Amino acid sequence: MAADERVTIRIGLVQLTDMAPAFVAEAKGFFAAERVQATLSVEPSWANIADKLTYRALDAAVMLVPLAFAVALGLRGAGTPLVVPLSISQNGNALTVSPALAGAIGLDVADVMAVGRRLATIVGAGGRRLRIAVVHAYSSHDLLLRYWLAASGIDPARQVELVVVPPVDMVAALEAGEIDGFCAGAPWGAVATQQGVGRTILVSSAIWQDHPEKCFGVTADWAERHPDGLQAVLRALLRAQHYCDDPANAEDVAELLSSPDRLGVPAAALRASLPGAEADGGVDLSRFAGSASVPRLEHAAWFLDQMARWGRFGTEVDRTALARAVYRPDLYEQATGEEIAPLAGPERFCAGA
């Protein structure tokens, strides 16, 4: 990219707190400083994101890791090769249930496996299957929830009904009694709690501590046409991630996200899940910088293993080759000028499953 050349990119988002780096990069001029003209498109659902990437109405998205693989495999539409050169966030999801179900469980949210055992007792008592919403069939929410349910002795394929509801519609669905609970990113668990229609019983970091959450997915053809432009976009997002990760900026980030053209949610609900907030057990704090930005092949492998475990694809998929085709730590290293350090230790999960 020549010194005086601008790159244009259309980035899809949904209304979640962990979209913050993209909104901040636009509002604080980080994209402009890199001569990037970014159009941020707030979409009503993850299905819209997938469709618009497939039909090139978007060039990129802050998106779910499993959805990036689903789009690349053609499990969502005709299929579109994607690359993931950057992770955006860690943690941030929560399982929020109706007050009645929370009362029946009656355990402290911090004891993740005790909650699971109590839920297993309730599920095993018969009656109807519990109906729990996730944001998309190809989501970290779905895979983490299934992992925890299985570890708790609950068969997620038979003993609960997992349905898809867009994040922005979760609270209304819970209030209307259409679902017994939902697993979604912030701020929707906090919103349900503040409105008195739900209670968070589990946060996603209790299932997998510091799990990768959103990633930055780019259509492979756009990345190939604009290699320098992609590096400029990554530098702007990395700068925004550091801004979002600084607790001193949390009030500013929450106010920025609360505007009607972004999330349209009170700043207090957004502030609760941003770095520096006081964790109250019912909100999972997001992280954006440092290890949260690294696209690790080990993480790609975990998501693909879980997708295969729950029948999202068969043995015809070469998971190792797919992980290396989509996840591009080399592009991250190019943007940061730093080699990715090995993991310091084993990943910390709630239990074997």
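## Charges, exposure and overall form

Guide: Welcome! This is a predicted model, and the structure holds 15 salt bridges.

Visitor: What makes Arg 235 and Glu 34 a salt bridge?
Guide: Their closest N and O atoms are 3.0 Å apart. The cut-off is within 4 Å for a side-chain nitrogen of Lys or Arg and a carboxyl oxygen of Asp or Glu, so the pair qualifies. This pair also links distant parts of the chain: Arg 235 sits in helix H11 (residues 227–245), while Glu 34 is in the loop between helix H2 (30–33) and strand E2 (36–42), 201 residues apart.

Visitor: Why is Arg 235 called partly exposed?
Guide: Buried means under 20% and exposed means over 50%. Arg 235 has 35% relative accessibility, so it falls in between. Glu 34, with a relative accessible area of 23%, is partly exposed by that reasoning too.

Visitor: How do you know that Asp 155 and Arg 158 form a salt bridge?
Guide: The N to O distance for their side chains is 3.0 Å, and the limit is 4 Å, so the label holds.

Visitor: Is Arg 158 buried or exposed, and why?
Guide: Its relative accessibility is 58%, which is over 50%, so Arg 158 counts as exposed. Asp 155, by contrast, has a relative accessible area of 24% and is therefore partly exposed.

Visitor: What makes Arg 328 and Asp 330 a salt bridge?
Guide: Their closest N and O atoms are 2.7 Å apart, and being within 4 Å is what the label asks for. Arg 328 has a relative accessible area of 25%, so it is partly exposed, and Asp 330 is partly exposed at 37%. Elsewhere, salt bridges that share partners join Asp 18, Glu 213 and Lys 214 into one network.

Visitor: Which charged side chains does the protein have, and how many?
Guide: There are 29 positive and 40 negative side chains, and the centres of the two sets lie 4 Å apart.

Visitor: Why does the radius of gyration agree with a compact globule?
Guide: With 353 residues, a compact globule would have a radius near 20 Å, and the protein has 19 Å, so the two agree. Its C-alpha atoms fill a box of roughly 65 × 45 × 40 Å along the principal axes.

Visitor: What share of the residues is buried?
Guide: Buried residues make up 57% of the 353. The protein also has 16 helices and ten strands.

Technical notes. Residues are numbered from 1 along each chain as its sequence is written. This is a predicted model: local features need pLDDT of at least 70, side-chain atom pairs count only at pLDDT 80 or more; totals for chains, interfaces and linings use all residues. Side-chain values use heavy atoms; hydrogens and water are left out. Helices (H or I, at least four residues) and strands (E, at least two) are DSSP runs, numbered from the N terminus. The radius of gyration is taken over C-alpha atoms; the globule rule is 2.2 Å times the number of residues to the power 0.38. Buried means under 20% relative accessible area, exposed over 50%, partly exposed in between (1.4 Å probe, protein chains only). Lys and Arg count as positive and Asp and Glu as negative; His and the chain ends are not counted. The place of a charge is taken as NZ of Lys, CZ of Arg, CG of Asp or CD of Glu.
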